[in-house]
Amino acid sequence: MKRADRNMEPFVRDLNQNGKEVYEDEYTRPGISGFGGWLIVFSIGLILTFIYAAYSLVDYVWPMVESGEVAAYFSDYPAVGVAVLVETLSHLFYAVFPLVLGYLCFKQKRLFKTMSIAYLLLSLALSAISYLAYSFVSELAPDFVDGAFKDLIRNGITCLIWTLYFVKSERVRNTYVA
């Protein structure tokens with residue numbers, strides 16, 4: 001049925017990118033968009049990471065700094081001091097970066113996609129640095145080396161999966177455009 005045959009003048013809904021009028025019955029959404037789907041899983045992971053990092057900073061790192069234990073590590077066992085420093089920087093990273101990503105996600109900023117991928121890659125790099133730092137003190141704490149290696153493998157798989165998601169996701173592409 002042609003448009004001219006209709007009794008009522010069709011309501012013009014929008015103009016498409018070429019300037020052509022798109023009528024209400026022809027109007028289609030650009031696809032899935034908005035906060036939902038796998039973004040919820042990613043966000044839950046960020047929230048849990050923030051909570052764990054904040055708890056670790058308050059319960060583990062701060063008492064060591066306050067008691068002077070960290071300074072003693074640097075003077076007596078420099079390799080252990082470096083490992084503690086790497087661990088502290090990791091906890092700070094995991095406490096601050098999820099807040100930044102949460103803000104970008106809430107405001108639906110285009111930067112959210114890029115910063116999420118950067119977060120994943122930096123997380124993988126921190127896992128690799130932690131593994132190397134613990135490998136230098138392996139005679140003092142072999143359990144830490146095993147745990148750091150497992151974290152490195154886990155973060156590698158996580159980084160691969162979520163990076164592919166952020167690159168390929170239609171929802172991310174349609175939602176974070178501002």
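Is Arg154 buried, partly exposed or exposed? Arg154 is partly exposed, with a relative accessible area of 46%. Keep in mind as you look around that this is a predicted model.

**The salt bridge**
- Searching the whole structure turns up 1 salt bridge.
- Side chains of opposite charge can pair when their charged atoms come close.
- Both residues sit in helix 5, 3 residues apart, so about one helical turn separates Asp151 from Arg154.
- An α-helix has 3.6 residues a turn, so residues three or four places apart point the same way.
- Asp151 is partly exposed, because its relative accessibility is 34%.

**Helix 5**
- Helix 5 runs through residues 142–168, a stretch of 27 residues.
- From its first C-alpha to its last, helix 5 reaches 39 Å, close to the 39 Å expected at 1.5 Å a residue.
- The buried residues of helix 5 are Val145, Ala148, Leu152, Asn155, Cys159, Trp162, Thr163, Tyr165 and Phe166.
- Those buried residues pack against helix 1 (38–67), helix 3 (78–106), helix 4 (111–135) and helix 6 (170–175).

**The nonpolar surface patch**
- Phe35, Ile40, Ile44, Ile47, Leu48 and Ile51 make a nonpolar surface patch of about 570 Å².
- Ile44, one of the patch residues, lies in helix 1.
- With a relative accessible area of 44%, Ile44 is partly exposed.

How values were computed
Residues numbered from 1 in each chain as written. Predicted model: local features only at pLDDT ≥ 70, side-chain atom pairs only at ≥ 80, totals over all residues. Heavy atoms only, no water. Helix = DSSP H or I, 4+ residues; strand = E, 2+ residues; numbered from the N terminus. Expected span 1.5 Å × (residues − 1). Buried < 20%, exposed > 50% of the residue type's maximum accessible area, 1.4 Å probe, protein only. Contact = heavy atoms within 4.5 Å. Patch = residues over 30% accessible without salt bridge, like charges linked within 9 Å, V, L, I, M, F, W, Y side chains within 5 Å. Areas by Shrake-Rupley, 256 points an atom, 1.4 Å probe, with all protein chains shown as cover. Salt bridge = Lys/Arg side-chain N within 4 Å of Asp/Glu carboxyl O.
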